Amino acid sequence: MRVAKRMNNLGTEGAFEVLAKAKELEGKGVDVIHLEIGEPDFDTPRSIREAAINALNQGYTHYGPAAGLPELRSKIAEHVSSTRGIQVDSDRVVISPGAKPIMNFTLTALIEEGDEVIYPNPGFPIYESMINFVGGTPVPMQLYEERGFLPDLDELERLVSPKTRLIIINSPHNPTGSVLDRSALEAIADIAIERDLIVLTDEIYRDILYEGSYFSIASLPGMAERSIILDGFSKTYAMTGWRLGYGVLPKELVPHFSRLMVNSVSCTASFVQRAGLAALDGRLEETDHMIEEFRRRRDSSVRALNDIEGISCLKPKGAFYLFPNIKGTGLSSREFTDRLLYEAGVAVLHGDSFGSYGEGYVRISIASSMENLNRAIQRIEEFLSKKVN
Ligand code: PLP
């Protein structure tokens, strides 16, 4: 079958590829420890599940408005206003099935052929994939381990050209767990304002923060009108499979995002949105419990990894991933992850699946029990001690 050329520009997510390989091995009876997945290993809190069941029974089973149910748009506006310290009106909120479509819509709505988009590398692979798909030019903003996986802001300034239209930032960051502090965000905001750029700020891990309090670039003076906040329910409320996310946009973009909704998925499932209302009804103790558990796993796993020869691992400040440096093992990221899977039954992601600057690293998800993490790290140690290059 002849497939449109544009499909050649579309990438994928390494996690789904590794998961497929790991499942195949499991089918052959191999015991695999899964540390490749990017979703909390917790159940969605009961109050949210019950709200969905009630909504189904109340008839929230029909199409709804493309941009989302008014009551949830308004609740999200309140939530974003209070968590970011800014005034957000509900008509700036577009609800989507998961947060991912907000990336797609942002790039589709704003980027013309040849426009440049600066994005973090290593970083979430869909940024680069979607920039290429819409005909934009991806311009990687390298994150440096020696800077705690943050960008060099002088370098960022030099990356901006007359063709630059958009900067994507992600804090807390997948895969490194780095967090952009207020002064870094101020510097990025200065560049955006001076060079008239839009910023897509991916804040999906906003709540999964181990120190300090969260600060959004959209809270800075002059930034509300040039920021698109991407956020959602997947991570904070362990709702990955429900598909519920949103964008907070400059007002003039809202009709365009709504039309993209109409043309792609019509609307987000109505009963799922009603469940979202329950999620935002006060801070849930399940979320606090989950974050504490991630913190415990992070501390113990970082310590154990740093005891292994050839590996060094920074302590992430947010999200639920570790991004250890494996250069001292003499293996490339891909060799390391393939051999670890086939020789030791541990599934992790090769760092270069997050972009070329991820080479020399692997991503380990700590969204797995402490017992699994301990067993996996022991297997990594044994694998490296037996490894013949
Ligand atoms: N942004 C980042 C950085 C992510 O890691 C993910 C999911 O892994 C998303 C966005 C997408 O979230 P959702 O599952 O709500 O579409």
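This is a predicted model: local features need pLDDT of at least 70, side-chain atom pairs count only at pLDDT 80 or more; totals for chains, interfaces and linings use all residues.
**Entry 1: ligand shell.** I listed the residues around the ligand and got 14. Those that come nearest are Asp202, Tyr205, Ser234, Lys235 and Arg243. I then sorted the shell by residue class, which gave six nonpolar, four polar and four charged residues.

Entry 2: A ligand nitrogen lies 2.6 Å from an N or O atom in the side chain of aspartate 202. For lysine 235, I found a side-chain N or O atom 2.7 Å from an oxygen of the ligand. Alone, the ligand exposes 390 Å², and the protein buries 93% of that.

**Entry 3: pocket.** I compared the ligand's location with the pocket search. The space that the ligand takes is the largest pocket.

**Entry 4: serine 81.** I placed serine 81 in helix α3, which covers residues 70-84. Is serine 81 buried or exposed? I noted it as buried, because its relative accessibility is 14% and the cut-off for buried is under 20%. Next I looked for partners of its side chain. The serine 81 side chain reaches the backbone oxygen of alanine 77 at 2.6 Å. A polar atom of the serine 81 side chain also lies 3.0 Å from the backbone nitrogen of valine 88. I therefore logged serine 81 as a buried residue with side-chain contacts to the backbone of alanine 77 and of valine 88.

Technical notes. Residues are numbered from 1 along each chain as its sequence is written. Side-chain values use heavy atoms; hydrogens and water are left out. A residue is near a molecule or strand if one of its heavy atoms lies within 4 Å of it. A polar contact is a pair of N or O atoms within 3.5 Å; within protein, one must be able to donate a hydrogen and the other to accept it, and residues adjacent in sequence count only if both atoms are side-chain atoms. Accessible areas come from the Shrake-Rupley method with a 1.4 Å probe; for residues, only the protein chains shown count as cover. On a 1 Å grid over the protein atoms alone, a cavity is a set of points where a 1.4 Å probe fits but cannot get out, and a pocket is an open set with protein on both sides within 12 Å along at least five of seven lines; lining residues have an atom within 4 Å of a point. A molecule sits in a cavity or pocket if more than half of its atoms lie within 2 Å of its grid points. Ala, Val, Leu, Ile, Met, Phe, Trp, Tyr, Cys and Pro count as nonpolar, Asp, Glu, Lys and Arg as charged, and the others, Gly among them, as polar. Helices (H or I, at least four residues) and strands (E, at least two) are DSSP runs, numbered from the N terminus. Buried means under 20% relative accessible area, exposed over 50%, partly exposed in between (1.4 Å probe, protein chains only).
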